[in-house]
Every structure is written in C-alpha cells, then in structure tokens.
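The tour below goes from one selection to the next.

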Amino acid sequence: MTDEEFEEFYAHSVKHLVGQVYLMTGDLHEAQDVVQEAFVRGWARRSRLRWDARPDAWIRTVAWRLAVSRWRRRGRAAAAWRQRNGELPDSTPAPDAETVALVAALRQLSERQRRVAVLHYVCDLTVEQVAAETGISSGTVKTHLSRARAALRPHLTSEEEHSV
C-alpha cells in the first residue's frame, strides 16, 4: 500500500473501526487510543498491507490485542492501587442513553461472545471471516452468535414489547 492509499484507508475507515472496537471494549476513549495505535503500527508496515487483504481486519485485530494488553495492565495496576489506598479513582461516564444500554447489554456477554457478535453484526463480517479473525472454528462462531442473541434479547427489547 502506498502512502496515499494508506491515508485514504485511514480517512475512510477510522471512524468505523473506533465504533467497532468501542462496542467490543465498552470504552470509547480506550477504543480511540488502541485504534490510533493500531494505525500507527499499520503505517510502519504499510508496504506489506494490501487493499484486497482486508487491512481493516488487521487494524481491528491489532487494536483488540492492544486493548486486551491494556486491560491486563490496568487490572494489575488496580490491584496495586487497592492494596495501597483501598479505592479506585472515578471513571468517566458513558455518552448517551442508547449507547449506554447497548454497551451494558454487551457487557453481559462473555468476552468471546461480545467480540464475535460485534464482528458479525456491527462489522458485517461473515461467519467464516469472524472465524478467521478470531482464530476459532465456524461452528463455534455460530454457537457464540446464537448464545449472544439469546443473552442480549431481554436487554435490548423495546418498552412496547415489555408492555404487550
């Protein structure tokens, strides 16, 4: 990929990737940070990236791995903070009510179910593409999607459906 192609790829896909990673992580600022860092890493290897090889999947995977690494570090830091001070600093509130509801519902899922559901339903990847990106079999992806739908259904139904 040339410099110009990479810049075009960035401009075209950064918002979508941040949104996708946000739904997987539940933290907008974290999603922005890890996607930005993934693009920096992508820039360094842009000559090896190709349009036809879905560079968005590569960026999303790198961003996801960065987020997981940060969670692990943050978990260790939080444990150290609790040992020393007994409490954690305040967190930043979520943006709007619909997004909060969606992220809260997604947090009810296991990490793998959440990732699979976001990749399939938000990123519009096929079951086979989700399997390739996550490293799990197509059958397991289908199982996680089915379980995710069942788990999300009570959290995301409209008020009208509850009153009927």
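This is a predicted model: local features need pLDDT of at least 70, side-chain atom pairs count only at pLDDT 80 or more; totals for chains, interfaces and linings use all residues.

Residues are numbered from 1 along each chain as its sequence is written, and side-chain values use heavy atoms, with hydrogens and water left out.

The structure holds 5 aromatic pairs; rings of Phe, Tyr and Trp (its six-membered ring) pair if their centres lie within 6.5 Å, and planes under 30 degrees apart count as stacked, over 60 as edge-to-face and the rest as tilted. Phe 6 and Trp 43 make one of these pairs, edge-to-face, at 5.4 Å centre to centre and 70 degrees between the planes. Phe 6 belongs to helix α1 (residues 3-25) and Trp 43 to helix α2 (residues 28-44), so the pair ties together parts 37 residues apart in sequence. Helices (H or I, at least four residues) and strands (E, at least two) are DSSP runs, numbered from the N terminus.

Now select Tyr 10 and Phe 39. Their rings also form an edge-to-face pair, with 4.7 Å centre to centre and 80 degrees between the planes. Tyr 10 sits in helix α1 and Phe 39 in helix α2, 29 residues apart, and the pair links distant parts of the chain. Which of these two is buried? Phe 39 is, at 3% relative accessibility, whereas Tyr 10 is partly exposed at 27%.

Return to Trp 43 and show Arg 46, which lies over the face of Trp 43 at 3.8 Å from the ring centre. A charge sits over a ring if NZ of Lys or CZ of Arg is within 6 Å of the ring centre and within 35 degrees of the ring normal.

Finally, zoom out to the whole protein. Its secondary structure comes to 8 helices and 0 strands. Of the 164 residues, 36% count as buried. Among contacts (heavy atoms within 4.5 Å) between residues at least 6 apart in sequence, 64% join residues at least 24 apart.

Methods: Buried means under 20% relative accessible area, exposed over 50%, partly exposed in between (1.4 Å probe, protein chains only).
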